[in-house]
Amino acid sequence: MSKNKQPDLMDRIVSLCKRRGFVYPSSEIYGGLISCWDYGPLGAELKRNLKTHWWDAMTNRRDDVEGLDAAILMHPQVWHTSGHVTEFNDPMVDCKTCKARFRADKLEESRCPKRPSKSPLTCGGELTEVKQFNLMFKTFMGPVEDTSSTIYLRPETAQGIYLNFLNVKNSSRQKIPFGIAQIGKAFRNEITPGNFIFRTREFEQMEMQYFIDPAEDEKWFEYWRRERWAWYESLGVNVSKLRWSEHGEDELAHYAKAAYDIEYEFPFGWQELEGVHNRTDFDLSRHMEATGKDLRYADERYKEKFIPYIIETSAGCDRTILTLLVDGYDEVEVKGETRVFLRLSPKIAPIKAAVFPLVKKDGMPEFAEKVYNELKKRFKVFYDVSGAVGRRYARMDEAGTPFCVTVDGQTLQDETMTVRDRDTMEQTRMKTAELIEFLTDKVSG
Ligand code: GAP
């Protein structure tokens, strides 16, 4: 099978997403809003499945990680304490000629809007001095709009976890080492968003903060690097397109002692998918200083109270979706026609199986509907009677549906149906009970 990786691959993926209802441009009938995207019916299912897969791996299947769902709006002082108000900046330049704005550290890869074949360094425009641009979105809380009512949309979900460290420890009776996991929206006023859902101004993070004895930071850092790599493998991502990238001294975020990114090779190059950071006791110490609340950890195993170190795993939900779309996109020539296959793992595929009667007669639709209704109690499935069976397979292949179940003449004699595997094209006959067992096995992985 041909894995098509030409430069316009992103265009084809964006077009598939729109056509099949994975992702639409936000506010499209108003002309769209730059860097904002809406997940359609298939995209919403895919995203929900992905988040469930992360949540299961990071909380439900572990005894040492608790879940949290903190508010997006937080006390404004949080962001002063965390360093985001002063440090969470990107260097920015403006073009005096065309008024466009660019990230000063990404000028070579940026494009001049007036002369898209050129970068801002070569288009002939005159650039301003570099200025620091804070990435946090601001708004006002309450009816008065002045500096005293300014609050921020959170640029990371992590701070909600730090502020609840004591609450969660006390209510769950967890002992160090333990973690708190959260999935939620984050907002960054990126200077140059782009590459579809890769870099947006509103996005979702899946973050986990693991509280540890500072003497064990290297051990847990390595442990979480292994766990997170294995998670992408469990999604079926092609590992030859994944790699680690270590942050050099000059790249480390203001809170980190060590950081590695998991990167994926997108059609636009190797880019960060997830960060694993050793945040030391930076965050808890700062919040303790600012509030006067004792955030130290005490239990009988330790002689002295101490501020735990934190190992953070921070994944982007939307970037993982893009990874799955790019990684799974395939084009195959079938009888002179180019057919699209979206090879999503059954664990996260939006629709797990489609059920078809081969023809609309001889009791086949009735049998197929019965099977569909039985499967529907357990899985997201789809029933389709319209068009030639080959067309129906093709529609499901590009929607990422891993299995198609066809009721045919033989079904009416022995109650077996063909189950076609999207990737191997193998067809196996089974009865309804076996089919349920088969799908349960595939979906749970
Ligand atoms: N709490 C740590 C933190 O936020 P980060 O490296 O800035 O670290 C973590 O972000 C992850 O969030 C990234 O690896 C990426 O997957 C996702 N992310 C960050 N900015 C994003 C953006 N503008 N659009 C989409 N995803 C983004």
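At what angle do helix 2 (residues 41-60) and helix 9 (residues 317-328) pack? The angle is about 110 degrees, and the axes of helix 2 and helix 9 lie 10 Å apart. Axes here are lines fitted to C-alpha atoms over the stretch in contact, with angles running from 0 to 180 degrees between N-to-C directions. Helices are DSSP runs (H or I, at least four residues) and strands are too (E, at least two), numbered from the N terminus.

This is a predicted model, where local features need pLDDT of at least 70, side-chain atom pairs count only at pLDDT 80 or more, and totals for chains, interfaces and linings use all residues. Residues are numbered from 1 along each chain as its sequence is written, and side-chain values use heavy atoms, leaving out hydrogens and water.

Back to the helices: in contact (heavy atoms within 4.5 Å), Leu46, Lys47, Leu50 and Lys51 of helix 2 meet residues of helix 9, including Ile321 and Leu324.

Now for the rings. The structure holds 23 aromatic pairs; rings of Phe, Tyr and Trp (its six-membered ring) pair if their centres lie within 6.5 Å, and planes under 30 degrees apart count as stacked, over 60 as edge-to-face and the rest as tilted. Tyr372 and Tyr383 have ring centres 5.6 Å apart and planes at 35 degrees, so this pair is tilted. Tyr372 belongs to helix 10 and Tyr383 to strand 18. Both are buried (under 20% relative accessible area, 1.4 Å probe, protein chains only).

Charges can sit over rings too (NZ of Lys or CZ of Arg within 6 Å of the ring centre and within 35 degrees of the ring normal):

| Charged end | Ring | Distance to ring centre |
|---|---|---|
| Lys370 | Phe367 | 5.6 Å |
| Arg420 | Tyr393 | 4.2 Å |

Notes: Buried < 20%, exposed > 50% of the residue type's maximum accessible area, 1.4 Å probe, protein only.
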